[in-house]
Amino acid sequence: MAQSILDDDGVSNPSHNRALTDVVEQAIAARPSRRRLLLTGLGAAALPFLGGLAACGGSDDAVAEPAAPAVPPEQTLGFSAVAVASGDSVAVPAGYVATAFLPWGEPINGFAAAWKADASNTAAEQEEQVGDNHDGMWFFGFNATGIGYGERSDEGLLVMNHEYINAEYFYAIAADTDPADWMAPFTFEKARKAQAAHGVSVCHVRRAADGSWQHVKTSPYNRRIHGNTPMSLQGPAAGHALMRTAADPAGTEVLGTLNNCGSGWTPWGTYLTCEENWNGYFGAPTSGATIAPGFEDQKAEILAGQSRYGITTAGFGYRWHTVDPRFDADVNPNEPHRFGWIVEIDPFAPGSKPVKRTAMGRFKHENAELVVAANGKVVVYSGDDERNEYLYKFVSSGTFDRANPTSAANRRLLEQGTLYVARFDAGTTVGDRMGTGVWVPLVFGDNGLTPVNGFNNQAEVLIKTRQAADRVGATMMDRPEWVAANPKKPGEVYVTLTNNNRRGTSTASSNKADGTTSAGSARPPVDEANPRANNVWGHILRWNEAGGDGTALTFAWDIFVLAGQPTVTSARAPSANVTPDNLFNSPDGLSFDSFGRLWIQTDGNYSNAGDYAGMGNNQMLVGDVATKVIRRFLVGPSGCEVTGITWTPDRKTMFVNIQHPGEVGNHPRAPKNAAGATLGDNDIARNATAFSQWPTAGARPRSATVVVRRGDGGVVGT
Ligand code: FEO
Ligand code: CA
Ligand code: CA
């Protein structure tokens, strides 16, 4: 959401994908005698999760190698690069087709109201329509019977996040309304409509004979989860005093999930949605001066937390707090504590209640990359996307039962474990942009996480994750966005560090150990892992866990790419794998496919001028992590971000999300008022200079999924 006028922090955004086979392959790479058995069971067409594995038992050496398509090494980037572009369309390589699918407002089922082109749908109607600002997503193929999770590539559940709304096209505007105030007059109905457009859509999708994809609107799997859907709070922080509200005195149930940014998925068939810039929905008009009765004793702690997590008097400008007291942090000081978590959803159980898993910490979660380590522990990596925030991993207490992937025990693996935060050290040589690192546990009682420092139990360590990480000396990063683990090299993991204009740009300061630094306010100097001052272009860092073990406590790291302009030769220079043909800035979404190709999506400055000249609209590139060759695969329409990626198991269909086409931001064609300020009304009916009409000419722009296929039906990217 880098360009949104609602984003007063200037923070951008993310996304991901791979099949279950990849994750399990990591777990068993060191055990070749089991590898063939498991991959065959998982890759087989028949009932892989309903007894398929057990049925294969005993046939270890008798079975064939997996059915995954073989790709000759020379074809790892087997497509012609797409040229940079600044138009209002989606560009893909020669021989590929890209089709918009499931746009904002699409009825989620056969009963929902149709989307209205003047944006006059009500809040109640939006609750039954696909949400706005599509982001992370995952394709869960059906099994052979069509009643559960499996490996089919022709039918399944496409589950996607909806991060936020863009007021400039989300609301209908009366003719006499101030054209520069797209939300006036603001009402409770408008807040509810916005809340309804957040969260998650579960869409039953099916491939037709001609290769196109259809939404099966009659399916009982179709479901919207939004900003007012009841969900459980689970784990060490559930029920803590800081989680209790007047509406929920037990502190165990919360309404809704918000700012659903990147995603994740589990090998037991559930979806993980990540709450990122949730702080922006809250306002604290009196900055706590008139905190609600009953909270006086907690006031100092609550206000410190609001500062550390970026809750301000007016929020990001959504205005919910002006009409819905739940989002007024003076009135409901604990409600913000109930956001900032990873939420687990079972898409195959339409009546199930989503669960906020507090053991994985509270921050601005970008995505959730899950790996099963060789010892069976489940590892979940997640970045905290704000300037100078940290990178985390969670390691489960229990171990994954490979023989019974969807077992009840596996389904509880995210309930308990240890949360770690990363410290990046310079290593033996300073200045070579590589080094070593340590995972520091955030465990009550250890490393200063004690009552004298404001931590009275593990619940408080987790509710105040940022302050805990401050205390243990974690490394401030250039906005950690998506994390992606290499399926071909156990323990190798990548993170996008999208940009940071607050590093090395003024008198140096750091997040204080006592947790009192306001969100994003530090000005750290450059360091080995974040080596550029005013890092406007961003970089991708990777690390290798010691011994290839995701549960290791140490790692070695280096930089995969520093983005930027190759003509720049100063300390700002990009790395050698950036060429005039693959210019990009602000890497954000990041995901490996099962072949080990790294897909890189951008959420950056699309002015195509100055530092960004020649970079055009936001885009998606593919990297060969062995050679470091990076090639552009897709360019999005005007004003968009490209984020969210998933594939069918056969890799012949790729789904990519186009978020907020036509977002005002810094687009050079965004309408201006007489004083030169950006207006950006994108309703073509009112404003002939609206600069995006994607995906439908003549209509206001809509976030949508893009279905990408090869014209010859082949494997995408090869
Ligand atoms: Fe939602 Fe950091 O992107
Ligand atoms: Ca992002
Ligand atoms: Ca070094």
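In what order do the 4 strands of the open sheet with β1 and β28 stand? The first legend gives the order, after a note on the model.

**Note on the model.** This is a predicted model, in which local features need pLDDT of at least 70, side-chain atom pairs count only at pLDDT 80 or more, and totals for chains, interfaces and linings use all residues. Residues are numbered from 1 along each chain as its sequence is written, chains are lettered from A and ligands numbered from 1 in the order in which they are written, and side-chain values use heavy atoms, with hydrogens and water left out.

**Figure 1. The open sheet of 4 strands runs β1-β30-β29-β28.** Its pairing is antiparallel. Strands (E, at least two residues) and helices (H or I, at least four) are DSSP runs, numbered from the N terminus. Two strands pair if DSSP finds at least two bridges between them. The edges are β1 (96-101) and β28 (641-647), and each pairs on one side only. From one strand to the next, the twist averages 25°. For such angles, axes are lines fitted to C-alpha atoms, for helices over the stretch in contact, and the values run from 0 to 180 degrees between N-to-C directions. Strands β1 and β30 (residues 704-710) run antiparallel and are joined by 6 bridges. A98 has V708 of β30 as its bridge partner.

**Figure 2. An open sheet of 9 strands pairs in the antiparallel sense.** The order is β13-β14-β16-β17-β18-β23-β22-β21-β20. At the edges stand β13 (369-372) and β20 (480-485); each has a single partner strand, so one side of each is left without a neighbour in the sheet. The twist from one strand to the next averages 30°. Within the sheet, β14 (residues 377-383) and β16 (residues 391-399) pair antiparallel over 6 bridges. S382 has Y392 in β16 as its bridge partner.

**Figure 3. K356 and E275 form a salt bridge.** A salt bridge is a side-chain nitrogen of Lys or Arg within 4 Å of a carboxyl oxygen of Asp or Glu. Here the closest N and O atoms are 2.8 Å apart. K356 lies in strand β12 (residues 355-357) and E275 in strand β10 (residues 271-275), so the pair ties together parts that are 81 residues apart in sequence. Both residues are buried. Buried means under 20% relative accessible area, exposed over 50%, and partly exposed in between (1.4 Å probe, protein chains only).

**Figure 4. A salt bridge between R572 and D611 joins two loops.** Their closest N and O atoms are 3.1 Å apart. R572 lies in the loop between β23 (554-562) and β24 (587-592), and D611 in the loop between β25 (597-602) and β26 (619-624), so the pair ties together parts that are 39 residues apart in sequence. R572 is partly exposed, at 28% relative accessible area. D611 is also partly exposed, at 30% relative accessibility.

**Figure 5. D593 and R597 form a salt bridge.** The closest N and O atoms are 2.8 Å apart. Both D593 and R597 are buried. Elsewhere, salt bridges that share partners join R308, K364, D384, E386, E389, R466 and D470 into one network. The structure holds 33 salt bridges.

**Figure 6. Residues A426, T429, D432, M434 and E528 coordinate the calcium ion (ligand 3).** The donors are A426 (O), T429 (O), D432 (OD), M434 (O) and E528 (OE), at 2.1 to 2.2 Å. Donors are N, O and S atoms within 2.8 Å of the metal (3.2 Å for Na, K and Ca); water is not among the atoms, so sites may look incomplete. The donor residues are spaced A-x2-T-x2-D-x1-M-x93-E in sequence. A426 lies in the loop between β17 (417-425) and β18 (434-441) and E528 in the loop between β21 (492-497) and β22 (539-545), so the pair ties together parts that are 102 residues apart in sequence. A426 is partly exposed, with a relative accessible area of 25%. E528 is buried, at 11%.

**Figure 7. Helix α6 (residues 188-196) has buried residues K190, A191, K193, A194, Q195 and A196.** These residues pack against α4 (123-126), α5 (167-170), β6 (223-225) and α8 (320-323). Contact means heavy atoms within 4.5 Å.
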